[in-house]
Amino acid sequence: MKIFLDTANLDEIREIAAWGILSGVTTNPSLLAKEQGADFRETIAEICRLVNGPVSAEVIATDVPGVLAEAREYAAWHPNVVVKIPLTPNGISAVSILAREGIKTNVTLCFSANQALLAALAGATFVSPFVGRLDDISEDGMALIRDIVKIFRNYAYIKTHVLAASIRHPRHLVEAALAGADVATVPTAVLKQAIKHPLTDAGLEKFLSDWNKRSTNHANPRERLENSRGFAKIRG
Ligand code: G3P
């Protein structure tokens, strides 16, 4: 399963891009609104420079001509731009036209398997089922991911990627991967939770503490390296 970062914050993207595990970024109007005063096009362009993978930029228009106009504009900004379009009748109409033009789309605000199937039949590149928002209303968001993956796998002609979205905690990551989602788009805070484990921290602390107790004249890793080089010379 690939990981996208779900944010428009450039500092967060730079930080996580340095991990070397990012395959893309998703933004939406709410995430961009959090970046006070940021220019939409400049932000998307910078994200495309920071991450070599699909970058979702969402339309605001809700009518077909408006969606098409925005989509064609955004797609021209950078080859990695994927146009995010809400899953409505007009949105699906626009997606089917854009698919024929070779413009990549991410159909968002998906909350049912029927919606996902229609997005796939329209030729969406990605469909984004919102797991967390279903959980928030006591439905089983991950069951939706499992259903969509199972349906899509029944038909070789369906090429739409399942992009698990609205990820709230590390367990959603594991479950999305177990369900076979192609991608999970993850907030920075959740990724930072996912990489940490208390036993890793405790184990590292113990390793370093034991090492430093071993001998004060080998405590310094640089000295250890020099010593090992010396050892290598002796061994020949
Ligand atoms: O960006 C799409 C999706 O990930 C939004 O998630 O947390 O606003 O439900 P959230």
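Which residues are around the ligand? Taking a residue as near when one of its heavy atoms lies within 4 Å of the molecule, the residues around the ligand are D6, N28, K84, F130, R133, A165, S166 and R168.

Before I go further, please keep in mind that this is a predicted model, in which local features need pLDDT of at least 70 and side-chain atom pairs count only at pLDDT 80 or more, while totals for chains, interfaces and linings use all residues. Residues are numbered from 1 along each chain as its sequence is written, and side-chain values use heavy atoms, with hydrogens and water left out.

The side chain of R133 has a polar atom 2.6 Å from an oxygen atom of the ligand, the side chain of N28 places an N or O atom 2.9 Å from a ligand oxygen, and for K84 the distance from a polar side-chain atom to an oxygen of the ligand is 3.3 Å. Taken alone, the ligand exposes 310 Å², of which the protein buries 83%, with accessible areas coming from the Shrake-Rupley method with a 1.4 Å probe.

Now to helix 5, residues 89-100, where helices are DSSP runs of H or I with at least four residues and strands are runs of E with at least two, numbered from the N terminus. With twelve residues at 1.5 Å each, this helix should span 16 Å, and its end C-alpha atoms are 17 Å apart, which agrees; the expected span is 1.5 Å times one less than the number of residues.

Which residues of helix 5 are buried? Counting as buried anything under 20% relative accessible area, as exposed anything over 50%, and as partly exposed anything in between, with a 1.4 Å probe and protein chains only, the buried ones are G91, I92, A94, V95 and L98. They lie on the same side of helix 5, because they cover an arc of only 160° around the axis, an arc taken from the directions from the helix axis to the C-beta atoms. The face turned away from that buried side carries the exposed residues P89 and R100.

Finally, a word on backbone angles: most residues other than glycine have a negative phi.

Definitions and conventions. Polar contact = N/O pair within 3.5 Å; in protein donor to acceptor, adjacent residues only side chain to side chain.
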